[in-house]
Amino acid sequence: MGVFKRAVEAILRPAGADARLGPAIVAVVVGGGIYGAVMGSFGGLAGDRGLQIVFSAVKVPLLLLLTTALALPSFFVINTVLGLRKDWPAALRAVLGAQGAVAVVLAALAPYTALWYASSGHYHRATAFNGVVFLVASVAAQGVLRRYYAPLVAANRRHLATARGWLVLYAFVAVQLGWVLRPFVGDPSLPPTFFRAGAWGNAYVVVAEVVWKAFGGVTSSR
Amino acid sequence: MQAFRELDRVLRGDARPGEPVPLWPLLRVNALLAASYGVCMGIYALARPDGVEWRQPLAGALKVPALFALTLLVTFPSLYVFNTLLGPRLRLGVLLRLGVAALSVLTAVLSAFGPIVAFFSVTTANYPFVVLLNVAVFALAGAFGLGFLRKLLTQLAPPRGLETQDFVVVDRPSGHAVIYGWMAVFGLVGGQMSWLLRPFIGAPELPFAWLRPRDGSFFEGVTRAVKLLLGAV
């Protein structure tokens, strides 16, 4: 826990203008794990429900790390093509530092999620509450990303465009990966599972269908 | 590795058209990157309802490089001729190196999006979504490649002694018109060429085929995919 505490300090109160990789990764694994464990505790601890806590504690850091891994190659090439290659180490540290910040904020919000679970047994509301928590963590981490990027943007305005591009790319992948890695909360009426069988699909198509149906459209697409 | 170093030099903007850009290493690495994206496109067919179709990623690895080679083959002669008639009046070798450099940017961006496309292809059953995602990635990569070409052409400074022969700085409207016109033509031809070489992804309701019969056009295909996605068909 001492390592995590130092990582949190390094992210919240950085000594220099640059992000550091080690603390960011520790924060993602431990902070994400803490939030995941709380997130998966919706069904309680009775019987094999504890498994969902373990699964979710693994899956939240996995979500943050895999999304970054999928989005990094294109971010690297775009930085290079836009002539920002010499700043790549700093840009990489900035985006990874922001991941650490997401995890730290998530861990800090975990008690609210626990309180929500204690107050309401409604599964869909619990899922929605977690969505709000992730949204808050993402918005808060944007501030950290902006702080890391400030010296880069001051040196070259193009960094502003790539930082925004990163957010779009990251969100696009994270939404789908979050969907694929379901369940995080764990429906108490279903047995705990790492992946929900047959639940792969496309988050955007599902959202579009919901909106389409809400406006009276009929669709058969998956 | 030498080829990748050359690619890196081009991507970083270190290579200038006046310098000798080694064509063959760049072409080889372009083909490799395009093939890797082709495999990512074809991954959708690994989760077909009628079983895994291994030939589709293989077909993609062959067809995406072919798509670029054929699109260049169709559009390059006219670019050269209009470049000579209207400006910027570059020599054939210089123009070819410029074209390959721009193609390098395009294929590098394309292949860098490969992991994202592969991930969505594996997890998404919805065919029109995957089609439109690929169209968007191609459009983005094309925008980067052509933007790079425009930058090179418009910022081209004539080296000493070659001012009137090889290089003319593009400061005339006709020179710009040639570049923008060719960009539009490259996009249109590339789109239609991709339709001729289809399937790259493989519609789940149709059996695997190396090529489909002549029918329709790229734009009809994209319009249909949009309608399907919106549930209007």
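Start by selecting chain A and chain B together and colouring the residues in contact (heavy atoms within 4.5 Å): 26 residues come from chain A and 25 residues from chain B. This is a predicted model, in which local features need pLDDT of at least 70 and side-chain atom pairs count only at pLDDT 80 or more, whereas totals for chains, interfaces and linings use all residues. Residues are numbered from 1 along each chain as its sequence is written, chains are lettered from A and ligands numbered from 1 in the order in which they are written, and side-chain values use heavy atoms, with hydrogens and water left out.

The area buried between the two chains, that is, the accessible area (1.4 Å probe) that two parts lose on being put together, summed over both, is about 2300 Å², and carbon and sulfur atoms give 72% of this area.

Now show the helices, which are DSSP runs of H or I with at least four residues, numbered from the N terminus. In chain A, α3 (50-81), α6 (158-180) and α7 (203-214) each supply at least two residues of the side that touches chain B, and the largest share, eight residues, comes from α3(A).

Finally, select α3(A) together with helix α4 (residues 92-112) of chain B, whose axes (lines fitted to C-alpha atoms, for helices over the stretch in contact, with angles running from 0 to 180 degrees between N-to-C directions) come within 8 Å and cross at roughly 155°. That crossing makes α3(A) roughly antiparallel to α4(B), a term used for angles over 145 degrees. A:Pro73, A:Ser74, A:Val77 and A:Val81 of α3(A) make the contact with B:Val105, B:Ala108, B:Val109 and B:Ala112 of α4(B).

Definitions and conventions: Parallel < 35°, antiparallel > 145°, perpendicular 65-115°, else oblique.
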